[in-house]
Amino acid sequence: MAIGVKVMKRPEGETSYVRAALRGMRLTFKHMFQPKVTMQYPEERTTADARGPYAIAPRWRGTHRMMADEQGRSKCVACGLCPQICPANCIKLVPGEDEHGNRYPLIYEIDEFRCVFCGYCQEVCPEEAIHVGVHFENAEYGRDRFVYDLERLTSQTHPVSTLWDPADPKGE
Amino acid sequence: MTPEMKGFLLLAVLKMVVVFTVVMVGVALLTLMERKVSAWMQNRRGPNRVGFAGLLQPAADGVKNIVKEETYPAEANSFLFILAPALAFIPAMCLSAVIPWAAPVDISLDRTLPLLGHVRYDGRMAMAVADLPIGFLFVLAVSSLGVYGIALAGWSSNSKYSLLGGLRSSAQMISYEVAMGMSLIPLLILVGNASFGDVIKAQQDGLWFILPLTLSFFVFLVAGFAETNRLPFDLPEAESELIAGYHTEYSAMKFSLFFIAEYANMVTVSAMLATLFFGGWDIPGTSWDQNGSTLAAVATGAAMFLKTFFFLFFFMWIRWTLPRFRYDQLMALGWKFLIPLALVYLMIIAVAVWILEAVVGIADPKIKALILFGMNAVMCYVVFFILDRGTLVSGSYRRQVPANVGS
């Protein structure tokens, strides 16, 4: 054996196929009476703070949400970091400036079809404005509805991703 | 036409309609049952959206398959491509004609009907569409026709996966037919006749053949799994290797026909197992079911249904328990284990019956069956506890393991 494949010595003298099959059948039969794990989706829904088998991870990266300040305006200062870092190039940002010299986005659009949900935009945002959300129910009737504009991003209410485990931020 | 002939034809047509309907509806419900059982065995719920507890799921599937587009692969032999599903479906349906579903009923019919005129039928009517004197030989003969449908489907699709599936299926079905036929010869020795009625009668007189002929039952069961292409013998389909095997290129209702054929074959093999080895419609310990009353027919029909249903469940149970065989294991199991086992068993039973009948001279079928049962228990122990070790499904790794393992 040139490449050193490990060949297992199988217990062929001791095993009995018929009895092993019967043991397997006993196991599958027992499973028929165990509690079912399927979630009955449209009736039962999971929430972000759910516990147990149906919980979504707090690090789940779903469709985006733009955070707003107390006046209900988006926190975005149109710095341009998120379109810069976005690997899928799905963020369209046109910056504008008001009379006080504050920058704000004139156009802020995310194409959710092109997005790869890496979460870099949330990671890079200095104002903690754009976030990826803990959310997965995104069905729409048309393809054009998947380009989320600023108003839509701001009006989302779902919880946002923590991106990393707070107890273990460096992934150790 | 004489009134007697009209009466016979009328009843035959009625039985045909009833059996065909029951088998078709049963097959539809079996697809649901398969999905439910598989779900339960995997701690899931299974389909439960369409109708109460998903009972209308088969109807939804049927409508879907009828309105779906039929696709034809380029360069396929279109005549055989269309013919193949029918060739798989028709033998599967024919088989259900000969199974006796309940005890025979006394019927005295003598009246004038509209359109038909005077019809008359007197006497005992077998509860099978065709009470053939050749009985299970017919089943063995016709069930092997199903391989034409599968092999032709594989060939005419003009696809490599389909062709491999078809080839595998023909090799597999032909191999296992030998073992299947041979496993039934001991039964023939004990009964002396191939008709289902006599088989059931012999079991009522003696014991259910599962006890005196356990190894025959085992061989027939395994060969039955192989004949119906069910897991662990679903090499012709083998999703992980051949996509869907012989029906890769089929869509819509033509695909459904293969599916119906598979499930109808399952019903037939289950009914055969129940009839040949579990007393058919016999309710153990009773003999009043032979008096030809309607009540007896209903009760025995229920008994037959329960037995068949158990084996249908058993088919699914095995499917969701055992993994698929490798191809060489499949062939080795058929040729090197089942056929020799069936042959040796046939010789042992033949000699034993000869000694019991001609030398010792035991006439009572019950005592004869009990003695055979005792013999059989010993043989089962030998086969399942001693010979089985590492030989029943032998791996090809035996040949491949080199001498210098680990060096």
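Residues are numbered from 1 along each chain as its sequence is written, while chains are lettered from A and ligands numbered from 1 in the order in which they are written. In this predicted model, local features need pLDDT of at least 70 and side-chain atom pairs count only at pLDDT 80 or more, whereas totals for chains, interfaces and linings use all residues.

**View 1. Overall build of chain A.**
Chain A contains four helices and five strands. Helices (H or I, at least four residues) and strands (E, at least two) are DSSP runs, numbered from the N terminus. Read from the N terminus, the order of elements in chain A is α-β-α-β-β-α-β-β-α. Chain A is more spread out than a compact globule, because its radius of gyration is 25 Å, well over the 16 Å that the globule rule gives for 172 residues. The radius of gyration is taken over C-alpha atoms, and the globule rule is 2.2 Å times the number of residues to the power 0.38. Along the principal axes, the C-alpha atoms of chain A fill a box of roughly 85 × 50 × 35 Å.

**View 2. The three-stranded sheet of chain A.**
Three strands of chain A form an open sheet in the order E2-E3-E5, with antiparallel pairing. Two strands pair if DSSP finds at least two bridges between them. Strand E2 (91–97) and strand E5 (147–148) of chain A are the edge strands, each pairing on one side only. E2(A) is joined to strand E3 (residues 103–111) of chain A by seven bridges, and the two run antiparallel. Lys92(A) has Glu109(A) in E3(A) as its bridge partner, and Leu93(A) stands opposite Tyr108(A) in E3(A). The hairpin of E2(A) and E3(A) has five residues between the strands, and there Gly101(A) takes a positive phi near 85°. E3(A) also pairs with E5(A), in the antiparallel sense, over two bridges. For Ile110(A), the bridge partner in E5(A) is Tyr148(A).

Chain B has 15 helices and two strands. Its radius of gyration of 23 Å agrees with the value near 22 Å that a compact globule of 407 residues would have. The C-alpha trace of chain B spans about 80 × 65 × 40 Å along its principal axes. Strand E1 (residues 105–113) and strand E2 (residues 117–125) of chain B pair in the antiparallel sense over nine bridges. Between E1(B) and E2(B), which form a hairpin, there are three residues, and Leu115(B) in the turn has a positive phi of about 70°. Arg111(B) stands opposite Val119(B) in E2(B).

**View 3. The contact of helices H1 and H2 in chain B.**
Two packed helices are described by the angle between their axes and the distance between the axes. Helix H1 (residues 3–41) and helix H2 (residues 57–67) of chain B pack at an angle of about 110°, their axes being 8 Å apart. H1(B) is therefore roughly perpendicular to H2(B). Axes are lines fitted to C-alpha atoms, for helices over the stretch in contact, and angles run from 0 to 180 degrees between N-to-C directions. Angles under 35 degrees count as roughly parallel, over 145 as roughly antiparallel, 65 to 115 as roughly perpendicular and the rest as oblique. From H1(B), Ala28(B), Leu29(B), Thr31(B) and Leu32(B) meet Gln57(B), Pro58(B), Asp61(B) and Gly62(B) of H2(B). Two residues are in contact if their C-beta atoms, placed from the backbone, lie within 7 Å. The residues of this contact divide into four nonpolar, three polar and one charged. Here Ala, Val, Leu, Ile, Met, Phe, Trp, Tyr, Cys and Pro count as nonpolar, Asp, Glu, Lys and Arg as charged, and the others, Gly among them, as polar.

**View 4. The contact of helices H9 and H11 in chain B.**
Helix H9 (residues 214–227) and helix H11 (residues 252–277) of chain B cross at roughly 170°, and their axes come within 10 Å. H9(B) is therefore roughly antiparallel to H11(B). H9(B) makes the contact with Phe217(B), Phe220(B), Leu221(B), Gly224(B) and Glu227(B), and H11(B) with Val269(B), Leu273(B) and Phe277(B). Six nonpolar residues, one polar and one charged make up the contact of H9(B) with H11(B).

**View 5. The two domains of chain B.**
The domain assignment of chain B gives domain 1 (1–67) and domain 2 (69–112 + 126–400); such bounds come from an automatic or database domain assignment. The C-alpha centres of the two domains lie 21 Å apart. Domain 1 of chain B gives 17 residues to the contact and domain 2 of chain B gives 16 residues. On the side of domain 1 that touches domain 2, H1(B) gives the most, with 15 residues.
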